[in-house]
Structure formats: C-alpha cells, structure tokens
Amino acid sequence: MKIDQSLLELKSKIKGELHSDALQLGIYATDASNYQIIPLAVALPKVEADVLLLLEWAYNHKIPVIARGGGTSPVSYTHLTLPTSDLV
C-alpha cells in the first residue's frame with residue numbers, strides 16, 4: 001500500500017487532525033532553528049488513542065516521529081511531525 005493511501009486511512013481513524021497538504025507542511029517545516037525539512041505529515045492528536053494509532057502507524061512504516069510542544073514551535077501547541085528525512 002502506498003504511503004499516501006495509508007495516510008488517508010489513518011486520517012479517517014483519528015479524532016484529531018492529520019495534515020499532508022503543502023501549506024500545513026510548509027508551516028511545520030521549521031522551528032526556531034535554521035533547519036527546514038518538509039515533513040511527510042503533521043498530526044494534531046486529540047486523545048490518547050490518536051497518539052497510539054499514530055505511533056503504531058509510524059512504526060509499521062518505519063517513519064520517525066518528532067513530538068513538538070509549546071515553546072519549541074512557533075505555533076505553540078503539541079503536535080507530531082512525521083519527517084521525510086533520515087537527518088532527523
């Protein structure tokens with residue numbers, strides 16, 4: 001199964017938000033540092049079950065997860081980023 005298809009299925013299973021559009025990915029591509037890496041997707045989990053589903057999905061697809069929270073992000077709330085780079 002392709003990642004794009006799998007992301008759509010994951011999006012339908014979580015109560016929170018899952019973004020993979022260019023605008024949202026661009027917003028989350030950087031923090032207060034000089035680095036800019038476009039993520040595969042950005043998740044804004046609403047409930048604990050969302051976090052579990054997201055982490056299980058990432059593990060099964062061998063995709064790293066970066067948890068960012070208030071103070072480390074210009075948008076100042078917790079979200080999960082699924083980067084596309086091995087540099088992270």
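On helix α3, the face turned away from the buried side carries the exposed residues Glu48, Leu52, Tyr59 and Asn60. Here exposed means over 50% relative accessible area and buried under 20%, with partly exposed in between (1.4 Å probe, protein chains only). This is a predicted model, in which local features need pLDDT of at least 70 and side-chain atom pairs count only at pLDDT 80 or more, while totals for chains, interfaces and linings use all residues. Residues are numbered from 1 along each chain as its sequence is written, and side-chain values use heavy atoms, leaving out hydrogens and water.

**Helix α3**
- Asp50, Leu54, Trp57 and Ala58 are the buried residues of α3.
- Down the helix axis they fall within an arc of 95°, so they line one face of α3; the arc is taken from the directions from the axis to the C-beta atoms.
- An α-helix has 3.6 residues a turn, so residues three or four places apart point the same way.
- After α3 comes Lys62, with a positive phi near 55°.

**A look at His19**
- His19 sits in strand β1 (residues 17-19), and is buried at a relative accessible area of 16%.
- Its side chain makes a polar contact of 2.7 Å with that of Glu17.

**The whole chain**
- You will find three helices and four strands here, in the order α-β-α-β-α-β-β; these are DSSP runs numbered from the N terminus (helices H or I, at least four residues; strands E, at least two).
- Of the 88 residues in the chain, 35% are buried.

Terms used. Polar contact = N/O pair within 3.5 Å; in protein donor to acceptor, adjacent residues only side chain to side chain.
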